[in-house]
Amino acid sequence: MTAEKPRGIRAHLPLFYPALMLAIFFILPFGIMVAISFSQRQPGGFYIPVFDIGNYKNLYTALFARVLGFSLFIAGLSAALCVLIGFPFTYFIACMKRRAQVAWLVFLMSVLSLSEVIIGFTWSLLLSRTAGLSNLLVFFGLMEQPVSWSPGFAALLLGICYLAFPYTVLVLYPPLSRLDPALPEAARTLGSSPIRTFFTVVVGSLRNAIVTAFVLVFVFTLGAYLLPQILGRPQHWTLSVLITDQAIYQSNLPLSAAMAIFFMMVSLMLVVLLMIIGKAKRIETI
Amino acid sequence: MSGLILEEIDKNFGSVVAVQDVNLHLPHGRFVCFLGPSGCGKTTLLRLIAGLEKPSRGSIMLDGEVITHQPAHQRNFGMVFQSLALFPHLTVGENIAYSLRVRKVGKTARRQRIEELLNLVRLSGFTDRHISQLSGGQRQRVAMARALAIEPRLFLLDEPLSALDAKLREDMQVELRMLQQRLKVTTVLVTHDQREAMTMSDLVVVMGTDNRVHQVGSPLEIYRNPLDTFVADFIGTSNLLEGFFSGSQKITIGDRHLIVEDLPENLSPGTPVTVSVRPEDIHVLPGIEEGDNRLPGQVSFIRDVGSSVEIYLDCDGLQVISQSTPKGRPAVKQGEEATAFLPAAACAVLRS
């Protein structure tokens, strides 16, 4: 590739429109939010535009730390689960015949068309005592009496994974389908059993794709707002819920802005850390 | 019986026939080439030997042991793939040591073996390089070293040189042949390039588009005595003249007669046959000469490529190509009358 870099105003003109849109709809609102996070709350009113780091000082509470910790924990756990199940699942899809692959991918895409609200309420119904799946188990004689599985931590985890799973597969599918089928075959001729081949060659050569998928699902589930309220108990509410509560119901916009920015910084640092780990030179294995 | 034996092998993919009725005996320590046009099933046959496919019928034996249903990872073969299939996330050393790690060879022994193998393929000091930092020829050598790491019972190669440029390919052919002779490992190479097969192999297995084995023999034997018209046409260039057997060493082509030395067995007069004559065996004589084994005609084209001259003769609608390496200018010119002389010993008679 030796294409010349564009020069002069005319050559850069096509970039003007997207840059403008980015500024209006992304940079500007974000700037406003940063500004608000440093302003003071006016009880009974909106906020006073002054420079005050008091909002950030006020973040240092046990509740905020616990909710932040829980948000990161459930996002990390669901991302790990999604990749753990999604990777072998996608590998099997990629090994199928073309027609079967398309059918599976269309099916997964159709799950994406469901809204978070529908998914949340459907699962809360399916996990309930009165009309849930446990009745089916009782019917087959596998359980004594129907029980309620929702709301609870497991129900929340299930809901989030259900929502994020199609994205995991969609991120993992392109690299897995491009994997040279000769690679696992070569490992087999070199004496590696099928299971060992899967871990040393398939997982090994797609390490970057796995890290990418993990980061994507992590970031995606970090913003979970509806599902914790539908499928979780108050102790399972994530930071998004807390921020919304402050902004809408407590009318404390400066504090919620500070929370959001702090949350974003922490997540950003974690993502960068993950990327560094992903790229880090592996340990000597010869 | 030592060596690799394939008995009555068939392989179908659904309704598609990939390999049909293959019977082969490949002796121990030889270099064997599976040669054929694309789609003839030669790669499938190699994959059957490697254990990457299961035959639909028939059995495979190695040194008296039936291995038809043995999984690939228990066969202790080394295979070089067409795409090379080097593990992109491992270094050169890790790639080569992969099979040793699987077999739980100790670290010191592994390092020593990596050094040995890199010396063998002339890549000493490349242990810690990444695959992406290597050139095509270097990757080639790493793939061979990796396949040879466990001293395999069979060394299998699936068109490994096809991705290299012509000059490098010829160097690698010679190198691979010398490597095989040094290690004395039974080697099977799949190729569609007949020059490659001729250069390297002790034994050539010619496969045809009907997915069957047409002939097995040494390169010279296959070149000199093709068993059928497919082999004669596929191996090198050949003049194929159609006629019929008219008794006592005589073949009639049009109104000319050829006296030949060897004939297929049980040939009855009147049977249609094809006579195959290599271009380099045909002599072009200036002027019209009548007589047996002579086809008079006209020079339609002369192709002089420096090292050799090809003369195209039009003999009553029959095109005959002669190839020679003359010291001076060819004795005939384009448009002149000339006669093609086909020596009896050079005419291979094939059933049509």
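The legends below describe close-up views of a predicted model.

**View 1. The two domains of chain B.** The domain assignment divides chain B into domain 1 (4-225) and domain 2 (237-283 + 290-351). Domain 2 is therefore written as two stretches of sequence, since its bounds come from that assignment. Taken over C-alpha atoms, the centres of domain 1 of chain B and domain 2 of chain B are separated by 39 Å.

**View 2. The contact between chain A and chain B.** Chain B brings 23 residues to this contact, and chain A brings 18 residues. On the side of chain B that touches chain A, α2 (92-102) and α3 (107-120) of chain B each supply at least two residues. The largest share of that side, six residues, is from α2(B). Sorted by class, the side of chain B that touches chain A holds 13 nonpolar, six polar and four charged residues.

**View 3. An open, antiparallel sheet in chain B.** Four strands of chain B form an open sheet in the order β2-β1-β4-β5, and their pairing is antiparallel. The edges are taken by β2 (16-26) and β5 (65-66) of chain B. Each of these edge strands has a single partner strand, so one side of each has no neighbour in the sheet. B:L62 has B:E65 in β5(B) as its bridge partner.

View 4. Is B:N23 buried or exposed? B:N23 has 12 C-beta neighbours inside 10 Å, so this residue counts as exposed. Leaving out residues up to four places away in sequence, B:N23 touches B:L6, B:E7 and B:E8. B:N23 and B:E7 are 16 residues apart along the chain, and their C-alpha atoms are separated by 4.7 Å.

**View 5. Strand β8 of chain B and its partners.** Strand β8 (residues 187-191) of chain B has five of its five residues buried, so the strand is largely enclosed by the rest of the structure. B:T187, B:L189 and B:T191 lie on one side of β8(B), B:V188 and B:V190 lie on the other, and all are buried. Strand β3 (residues 31-35) of chain B pairs with β8(B) in the parallel sense over five bridges. In that pairing, the bridge partner of B:F31 in β8(B) is B:T187. Strand β7 (residues 155-158) of chain B also runs parallel to β8(B), and four bridges join them. There, B:D158 stands opposite B:V190 in β8(B). Between β7(B) and β8(B) the chain passes through helix α5 (residues 166-183) of chain B, which makes a right-handed β-α-β crossover.

**View 6. Strand β7 of chain B, covered on both faces.** Which residues of β7(B) lie on each side? B:F155 and B:L157 are on one side of β7(B), B:L156 and B:D158 are on the other, and all are buried. Strand β6 (residues 78-80) of chain B is joined to β7(B) by three bridges, and the two run parallel. The bridge partner of B:G78 in β7(B) is B:F155.

View 7. In soluble globular proteins, nonpolar side chains tend to be buried together. The largest nonpolar core in this model has 100 residues, and B:I49, B:L156 and B:V205 touch the most other members. Helix α4 (residues 136-148) of chain B gives the most to this core, six residues. Domain 1 (4-225) and domain 2 (237-283 + 290-351) of chain B each provide at least three residues of the core. Not counting residues up to four places away in sequence, B:V205 touches B:L24, B:V32, B:C33, B:F34, B:L35, B:V213 and B:V216. A second, separate core has 33 residues, including A:A79, A:I93, A:L158 and A:I160.

Note on methods:
Residues are numbered from 1 along each chain as its sequence is written. Chains are lettered from A and ligands numbered from 1 in the order in which they are written. This is a predicted model: local features need pLDDT of at least 70, side-chain atom pairs count only at pLDDT 80 or more; totals for chains, interfaces and linings use all residues. Two residues are in contact if their C-beta atoms, placed from the backbone, lie within 7 Å. Ala, Val, Leu, Ile, Met, Phe, Trp, Tyr, Cys and Pro count as nonpolar, Asp, Glu, Lys and Arg as charged, and the others, Gly among them, as polar. Two strands pair if DSSP finds at least two bridges between them. A residue is buried if 20 or more other C-beta atoms lie within 10 Å of its own, exposed if 12 or fewer, and partly exposed in between; C-beta atoms are placed from the backbone. A crossover is right-handed if, with the strands pointing away from the viewer, the path from the first strand over the helix to the second runs clockwise. A nonpolar core is a set of buried Ala, Val, Leu, Ile, Met, Phe, Trp, Tyr and Cys residues joined through C-beta atoms within 7 Å.
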